[in-house]
Structures are given as C-alpha cells and as structure tokens.
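Please examine the sequence and the model shown below.

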Amino acid sequence: MVTLDQIVQYAKSTGYIYQGSELYGGLANTWDYGPLGSLLKKNIKDAWIKKFQRQTPYNVLLDSSILMNSEVWKASGHVGGFSDPLTECKSCNQRFRADKLIEDHNHSVSADGWSTDQMYQYLIDQQVTCPNCGKKEFLPIRAFNMMFQTYQGVVLEQANQIYLRPETAQGIFIQFKNIQRTTRKKVPFGVCQVGKAFRNEITPGNFIFRTREFEQMELEFFVKPGTEMDWFNYWKQFCMDWLISLGLKKESLIFDDHKPEALSHYSNATTDIRFQFPWGFDELWGIASRTDYDLKAHQLHSGENLAYLDPDTNERYLPYVIEPSVGVERLVLAFLTNGYDVETLDSGDTRQILHIHPALAPYKAAVLPLIKKEHSGKAIEIFEELNQYFDVVYDETQNIGKRYRRQDAIGTYLCITIDHDTENDQTVTVRNRDTMAQVRVPIKELRNYIEKETKF
Ligand code: ATP
C-alpha cells in the first residue's frame, strides 16, 4: 500500500499539488492545485455533474453565493450549533478535537452523537494520552464554532458580520421555492451544486483530506415524506456505483451505516462511504436522510411558506431530503491513492504510473514527434487539431522512452507518436498507458479513436 508521504511527494513533484503560499513559508494546511491537479479537479467535477445532473431525469444545477444573509445560518442552526468539541492538553496546550482523540485511541469506538460530558469522562476514564506530549490531562471540552466570520462593507460592526459558507447545501434550501417554480419540477427532484466551503477545522491534516477551504459537490434530493428510505438506498448505491465505475477498487470502499444513537438530530438515516486512504478507512462521502429539517427551519425563520403543492393529488407538504455530499479534494486523494504504482517491467526497469480512469486523467493523450527536427511540424499540426476536443499535451524533449515514462507517471492515457512512416501513410502510433500496447491509427480517425478510448 502506498504511504501518504509517497503521495505527497508524488503530487508535489509532478505538478498535481503544491504547498499553498510556499514562497512565503507556506500557510498551514493550504494547498494549490497545479497544472495537473486543476485539470483532475475539473474532470472530477465534470464527471459528477454529468452523472448526477445531466444523465438523470430528476436533477438540476445551481450556483449560489458563498456570502449569504446571516439569517440563513441562524435558521439552519449553524450559528448556534456548527461546532466541534474542542479540548486542550493541560501540559503542552495543544488543542484537539475530542471525538477524534477518542476514536484514534480506540478504533472500534465512535464518538458520534456523544455529549461533551460523555467525551470528557471517556478521556479521564480511559487515560487517553496527548498525541503531542504523551501526558494524560485535558481541559474540559467546549464547543468551538467552525464558521469563518468576516464583515461586509466598510464598517466593521456586528450588523455587517457575515460568514463564509461551511457547506453549499443551504444555498439550495433557500432557493428551493424559486427553483421548483421556475423549472416546474415535480417531487421527487433534486438540485446539484459544486462550490467552495470553509470550515475553521480544529485539526486539519492528512494532506488534502481535511483542510479549512475545500470544495463540495452536494445533491439535495426532495422527496415525498414516507418515501425517503427508498430514495436514501437509491442514492447510496448510485454514489457507490459511480465511484466503482471510475475505477476505485471495490475492496477499498465500504458503507458505514450510522447507528440510530449516533444520528444527528435532523437525520433518520445516515451512511458514510469510507475509502481506504493510506492511514486506513476514512470518510469519503456522507449520505444523509435529513427529513424536512432544513426547509422547516427556513420556513419558520423566514415566515415564507415553503410547502410544495402536489399537482396530481393537491396535497401540500414540506418535502423530505436526501443529501449525498462529497468533497472534491477527498476524491482527488482517493484517485491518487488508488492509481499510484511503481511497476517492475519485464526488462527489470521500473516505471512510475498513475492508473486513473481516462475520463479523469489530466491529459487524454500526449502528442510526441519521434525526432524533433523531422517530425515536429506534423506533430504540432495534429496537436492543434486534437486540442480543439481534448486536453492533450505536446512534448518533444528527450528520447521517446523517457517521454513515455513521463506521461505514464502523470496518468496520460494515450501517447501518439509521429514517425518516419507518418508522412507516407498518414498514420501514427498510439500507445496505451496501462498495457503499453501500440497500434497504428490513421490521423483522420484519431479524434474518434481517442473519444472511444477515453469515454465515460
Ligand atoms: P468529518 O466527520 O470528516 O469532519 P463531516 O461529517 O463533518 O466530516 P460533512 O459535513 O458530512 O462532513 O461534509 C460532507 C463531505 O464534505 C465529507 O464527506 C467530505 O468529503 C467533505 N468535507 C467535509 N469537511 C471537509 C474538510 N475539512 N476538508 C475536506 N473535505 C471535507
């Protein structure tokens, strides 16, 4: 199994992910996505939108603001309750999330749903040690609100205080009525959104797994009360199938159904899809049945009637909601972990390779003139034709073997080589990343060939 250090080194050295603000000594737990990382993120988001919105009869897309009226966060419960349990080591003053301390101390314990008193008692009874200094005394636990605050406008006063959104979901709930009215969608229907979210996490870490700024892809799926368990199961399986169809190994994925006593107050069923990250199974995707908690809260707080009128039965009700919510960066880390390999070839040489689904690979193909002086003219012509349809890269430096290795290492799915025969027969060599098999393809069929090979 690949280690997290190997992934970090790999990501930095290839141009997938750089340390944020590196020039100025960095800013803890911030990461910048380089030429490859930004393409990978774009491809993940495109694949999600394609599957969850475009190819379903149910779902539409929304792009709501990061900055919202503070009342949204009062109504949703985030101002009062979006907090993590914070404790501090009495000896070294390092701060920790108490639930994570407990779960790291005993992997078979889940502190989901525990009160702060329960957690504190556990720390004492079980003599949990500080991961930083090894002492066993912690300060009582207090709730630490994770929302970033800022001020809108020129006057820094309470009335102008706003928040950076800690999730994209509330943007969907507050537009539920507008969306339903303008699209004339009938329940069941859903709204998909991709966007940045910000959480002042107590203990960010594990590279890009937990950061304070991240991107979420969320679906809020509105259903008739009473049908929510069927839809919950439907979306659970839909999410799992999508991950497997994109190449994540089945044995690296598990459902973690939350026990009734561990459910959040607004949920009547929740499951996490956990992926085997280098440190073990951890949450990749949260899927929750949220009842009508959010719509009810906004209806109460805004005074606006958010009920849906069923045109077939004339019933009025607040829909229940199923929410699959996943972080783009956690998917990036999962795909890098899943695909990274160093293979030993028959020749005894090794090659670094990223086995990543061609639809996600930053470059579908590399265009390579065999000999720069002789073949670059034709190669550039082909490159300029193909880059109208695909992300492709052009490379003419060093010998062809080294160029193949470089493309394998970053996950480029096909290598197209222009050689001596190309001018005569108008064909090129196309090499597959995974099998290294080579075929001759007529130039005029290249576009169709790439499309077919990289389709998702
Ligand atoms: P955790 O228990 O790991 O803190 P959570 O249960 O609070 O996560 P949700 O609020 O359900 O997470 O968020 C939905 C998804 O958003 C998560 O499954 C994860 O993929 C992603 N996510 C949440 N917090 C972060 C973060 N700090 N950094 C990166 N991704 C995150």
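The following paragraphs describe the ligand site and then a helix.

This is a predicted model, in which local features need pLDDT of at least 70 and side-chain atom pairs count only at pLDDT 80 or more, while totals for chains, interfaces and linings use all residues. Residues are numbered from 1 along each chain as its sequence is written, and side-chain values use heavy atoms, with hydrogens and water left out.

The ligand is surrounded by 16 residues, a residue being counted if one of its heavy atoms lies within 4 Å. The closest are E201, R210, T211, E283 and L284. By type, the shell holds 5 nonpolar, 5 polar and 6 charged residues; Ala, Val, Leu, Ile, Met, Phe, Trp, Tyr, Cys and Pro count as nonpolar, Asp, Glu, Lys and Arg as charged, and the others, Gly among them, as polar. Strand β13 (280-289) provides the largest share of the shell, 4 residues.

A polar side-chain atom of E201 lies 2.7 Å from a nitrogen atom of the ligand. Taken alone, the ligand exposes 600 Å², of which the protein buries 83% (Shrake-Rupley method, 1.4 Å probe).

Helix α9 comprises residues 228-245; helices here are DSSP runs of H or I with at least four residues, and strands are runs of E with at least two, numbered from the N terminus. From first to last C-alpha, α9 reaches 25 Å, close to the 26 Å expected at 1.5 Å a residue, where the expected span is 1.5 Å times one less than the number of residues. Just after α9, G247 takes a positive phi of about 100 degrees.

Technical notes
A polar contact is a pair of N or O atoms within 3.5 Å; within protein, one must be able to donate a hydrogen and the other to accept it, and residues adjacent in sequence count only if both atoms are side-chain atoms.
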